[in-house]
Amino acid sequence: MTLGHCLCGTVRYEIDGPFATMLHCHCSMCRKHHGTAFATWVAAPLAGYRMVSGADDVTRFQSSPGFHRSFCRHCGSVVPEAMEAMGLVIAPAGNLDGDLGIIPQFHMFTGSKADWYTIEDDLPQFAEYPPEFGLQATPRPPVATKPGLTQGSCLCGEVAYEISGRPMRMYYCHCSRCRMGRSAAHATNVFFSADGFQWARGAGLVRDFAVPGAQFFGVAFCARCGSEVPRVSAERNVVNVPAGSLDTEPGVEPLAHIFVDSKAPWDVILGDIPQFAAMPARK
Ligand SMILES: [Zn+2]
Ligand SMILES: [Zn+2]
Ligand SMILES: [Zn+2]
């Protein structure tokens, strides 16, 4: 049995498994909802899925006709979705504990992949759904952007932001809090000075969750759709932008994979980007 939970610990669930499918999804909806380069999902028989706590704390958002995305209303973590017609539960792997007895099998929606993310493994890639899913992709209109600004928005579009000024750095963070907060293999965070940051709309919909006892760690998300959005740290004068929320290029390349000693057992890090066990000392 596998245990799953949100970042704040309110929403808890059990999945008996076995997990039959594990995939990385690069679609624009997963990227925005999780705020990451891609989401990693596992599927298991629905009969073996039980909510342990927090069922009343889950908000559901219809992201496309007949398809919902659920999240904890306190911390924004993605919550598994019951696919009644298929008899399956689809769970975000970043919120599951331990070895899942399965490793990722393929990438889907690589036709929608973020330009700043390079797929380094040899797993099969599908531009949209694999043919055997028998599903049609939902087209999404491109988001209008203004030149000279870094811009982003949530999945429902109610929250949007603009940043002037250059990014300071970009990291892939594999720490357990980022995995739970982004409900993904890792976060991809781009840091800017807070001086040039402003909400373009929807500031009143932004919810903030600070991890109790943590010096700085927290997340911000849209209360309506649950998408991860930038979090301003006033005490450090920086804003941490979840790269999956960007509608423009980040303007910087990922510098490093950090906290790789905390990575998920099923997460394989390939490629030439430097890896650090924890946080590297800053130059
Ligand atoms: Zn939560
Ligand atoms: Zn997706
Ligand atoms: Zn939203």
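Colleague: Let's start with pairing: in β14, which residue is the bridge partner of Ser153?

Modeller: Keep in mind that this is a predicted model. The general idea is that strands of a sheet pair through backbone hydrogen bonds, either parallel or antiparallel. Here, Ser153 has Ala160 as its bridge partner in β14. That contact belongs to an antiparallel pairing of β13 and β14, with 4 bridges. The two strands form a hairpin with 6 residues between them, and Gly157 in the turn shows a positive phi of about 85°.

Colleague: What is the strand order in the open sheet of 3 strands?

Modeller: The order is β18-β19-β20, with antiparallel pairing. β18 (206–210) and β20 (228–229) are the edge strands; each has a single partner, so one side of each is left without a neighbour in the sheet. Strand β19, residues 218–222, is joined to β20 by 2 bridges, and Ala220 sits opposite Val229.

Colleague: On to the metals. Which protein atoms are the donors of the zinc ion (ligand 1)?

Modeller: Cys6 (SG), Cys8 (SG), Cys72 (SG) and Cys75 (SG), lying 2.3 to 2.4 Å from the ion. The donor spacing in sequence is C-x1-C-x63-C-x2-C. Cys8, in the loop between β1 (2–5) and β2 (12–15), and Cys75, in the loop between β7 (67–72) and β8 (78–79), link distant parts of the chain, 67 residues apart.

Colleague: Is Cys75 buried or exposed?

Modeller: Cys75 is buried, because its relative accessibility is 0%. Cys8 is partly exposed, with a relative accessible area of 25%.

Colleague: And which residues coordinate the zinc ion (ligand 2)?

Modeller: Cys25 (SG), Cys27 (SG) and Cys30 (SG) do, at 2.2 to 2.3 Å. Their spacing along the chain is C-x1-C-x2-C. Water is not among the atoms, so a site may look incomplete. Cys27 is buried at 9% relative accessible area, and Cys30 is buried at 2%.

Colleague: How many salt bridges does the count come to?

Modeller: The count is 9. One of them joins the side chains of Arg182 and Glu228, at 2.7 Å from N to O. This pair links helix α2 (residues 176–182) with strand β20, and the two residues are 46 apart. Arg182 counts as buried at 6% relative accessibility, and Glu228 does too, at 1%.

Colleague: Which residues are linked with Asp16 in a network of salt bridges?

Modeller: Glu14 and Arg50. Arg50 and Asp16 meet at 2.9 Å, N to O. Arg50 is partly exposed at 31% relative accessible area, and Asp16 is partly exposed at 41%.

Colleague: Last one: which residues make the nonpolar surface patch of about 270 Å²?

Modeller: Met86, Phe133 and Leu135. Leu135 is in the loop between β12 (125–126) and β13 (150–153), and at 40% relative accessibility it counts as partly exposed.

Technical notes:
Residues are numbered from 1 along each chain as its sequence is written. Chains are lettered from A and ligands numbered from 1 in the order in which they are written. This is a predicted model: local features need pLDDT of at least 70, side-chain atom pairs count only at pLDDT 80 or more; totals for chains, interfaces and linings use all residues. Side-chain values use heavy atoms; hydrogens and water are left out. Donors are N, O and S atoms within 2.8 Å of the metal (3.2 Å for Na, K and Ca); water is not among the atoms, so sites may look incomplete. Buried means under 20% relative accessible area, exposed over 50%, partly exposed in between (1.4 Å probe, protein chains only). Two strands pair if DSSP finds at least two bridges between them. Patches are made of residues with over 30% relative accessible area and no salt bridge: like charges are joined within 9 Å, nonpolar side chains (Val, Leu, Ile, Met, Phe, Trp, Tyr) within 5 Å. Accessible areas come from the Shrake-Rupley method with a 1.4 Å probe; for residues, only the protein chains shown count as cover. A salt bridge is a side-chain nitrogen of Lys or Arg within 4 Å of a carboxyl oxygen of Asp or Glu.
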